[in-house]
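Keep the viewer open as you read.

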Amino acid sequence: MGKNHLDNIAIVGSGLAGLTLAIRLAQKGIVSTIYEKENKDNLGGMGIQITPNGSRILSKLGVEEPLREISSKVESVTALDGLKSKRLFSLDLNQFSKSDELGYFTCHRGKLIRILSDKAMDLGIRFCFGKKITPQCFSPYGVDFSSDKGEELHASLLIGADGYGSQISQILNPAGEKHKPDFVALRGLVPIEKLSETKFANGVNLYMYPAQHLVTYGIDMGKVLNVVAIRPFDHMVDTELDPETIKAGFQNFRFLESLLANATEIRTNLLYKGIVQPQWFTGKVCLCGDALHPMPPFLAQGGNMAIEDGWVLASSLYNNLNLTDALNWFKSKRQQRLERMVKYTNSQAWINHLQGGLMYQLRNTTMILADRTLPNLISSRYSWIYKGM
């Protein structure tokens, strides 16, 4: 029968997972079709951190040169006591990549997506923008699905790379965990030239407050500051996601309001604790990226795990004659790493959001001592992540 599952692959979602998968398949001579519910000019976003495990794959996709033109290389991540602006620890990122590699960098997510989309189009990958896809029938012969434009479509393999809240994931996991949001995030983009202080643009800075934290880093070649403030979700006041209401909940952040006063864009969104969905695939439907393992940004790994997923899934599809074997191989290669990543991400959420008092002080003191006497202990928490698969 040959590799019939490669004849007509439909990828739902043009995020990092879907684009990585499509480009890698195209490099192997397999052309897929990407269906994206948003319009072509509406694939934006805010800042994103790409760590060495993700950037190595992006280099292999052949987009290193254009990425260097839009990215800001990051050499350190520094954690600070937000109340005292006192350094807790600093992680030297140069140890995790070679000097000539992309390494750890930050950029605007929309520009990253545009570079990958252009690469995909150059390779002949077909895009269908502005089409929301609904699977209708799974059979041994493939998947029948429709778009909200009334089109009836068919694929030999359907990949759900449609992000958090994936409709395809909900079909595969109908008994998925239903709970209230765990966190709320306030994001802003601020021109560096508008800042009264330049310290925020140096590397990635994590300001820890009681039960809240703030992350800042530069994007657009250091011309724009990306600001992310995160705190626990308050079901009494946060349901409307009004930026001013959300901002009022960050009273501990002495400089947040002044930072965002000159923001060109402000967004809010809800965050949930990370999980790995129990059902990865069924028949000729498979999940990939955030649709498979939604996780909050506490280790900046949501996008990087999506890139890894796309790379591994492409290899599994190309290298296995039988589709079932291919999907089982994909799961065997990714499950342990993803479950560990979710565990570490949820653990980092707890560390970042300790309430004030003894535990808060103990965390800060431990970090300061480790930074001064056991820096390798801090590095070891991240080395397995940045080393990659």
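A quick definition to begin with: a residue is called buried when its relative accessible area is under 20%, exposed when over 50%, and partly exposed in between (1.4 Å probe, protein chains only). This is a predicted model, where local features need pLDDT of at least 70, side-chain atom pairs count only at pLDDT 80 or more, and totals for chains, interfaces and linings use all residues. Residues are numbered from 1 along each chain as its sequence is written, and side-chain values use heavy atoms, with hydrogens and water left out.

Start with the seven-stranded sheet. Its strands (like the helices, DSSP runs numbered from the N terminus: E of at least two residues for strands, H or I of at least four for helices) come in the order S6-S5-S14-S15-S16-S13-S17, in an open sheet with mixed pairing. Two strands count as paired if DSSP finds at least two bridges between them. S6 (86-92) and S17 (265-271) are at the edges with a single partner strand each, so one side of each has no neighbour in the sheet. From one strand to the next, the twist averages 15°.

Zoom in on S5 and you'll see both kinds of pairing. S5 (residues 76-81) runs parallel to S14 (residues 204-209), joined by five bridges, and Thr 78 sits opposite Asn 205 in S14. With S6, S5 runs antiparallel over six bridges, with Asp 81 facing Lys 86 in S6. S5 and S6 make a hairpin with four residues between them, and Ser 85 in that turn has a positive phi of about 50°. Helix H9 lies across S13 (183-191), S14 and S15 (212-219), at about 60° to S14; such angles run from 0 to 180 degrees between N-to-C directions, with axes fitted to C-alpha atoms, for helices over the stretch in contact. Contact here means heavy atoms within 4.5 Å.

Now for the other sheet. Three strands form an open antiparallel sheet in the order S3-S7-S4. S3 and S7 share four bridges, and Gln 49 has Thr 106 in S7 as its bridge partner. Helix H4 (residues 109-122) packs on this sheet, touching S3 and S7, with its direction at about 90° to that of S7.

Next, the charges. The whole structure holds 11 salt bridges, each a side-chain nitrogen of Lys or Arg within 4 Å of a carboxyl oxygen of Asp or Glu. One of them joins Arg 56 to Glu 101, with the closest N and O atoms 3.8 Å apart. That pair links helix H2 to the loop between S6 and S7, 45 residues apart. Arg 56 is partly exposed at 24% relative accessibility, and Glu 101 is partly exposed at 23%.

What about Arg 334 and Asp 309? Their side chains meet in a salt bridge (2.7 Å, N to O). Arg 334 is in helix H9 and Asp 309 in helix H8 (residues 302-319), so the pair ties together parts 25 residues apart in sequence. Arg 334 is buried at 0% relative accessibility, and Asp 309 is buried with a relative accessible area of 0%. Salt bridges with shared partners join Glu 308, Asp 309, Arg 334 and Arg 337 into one network.
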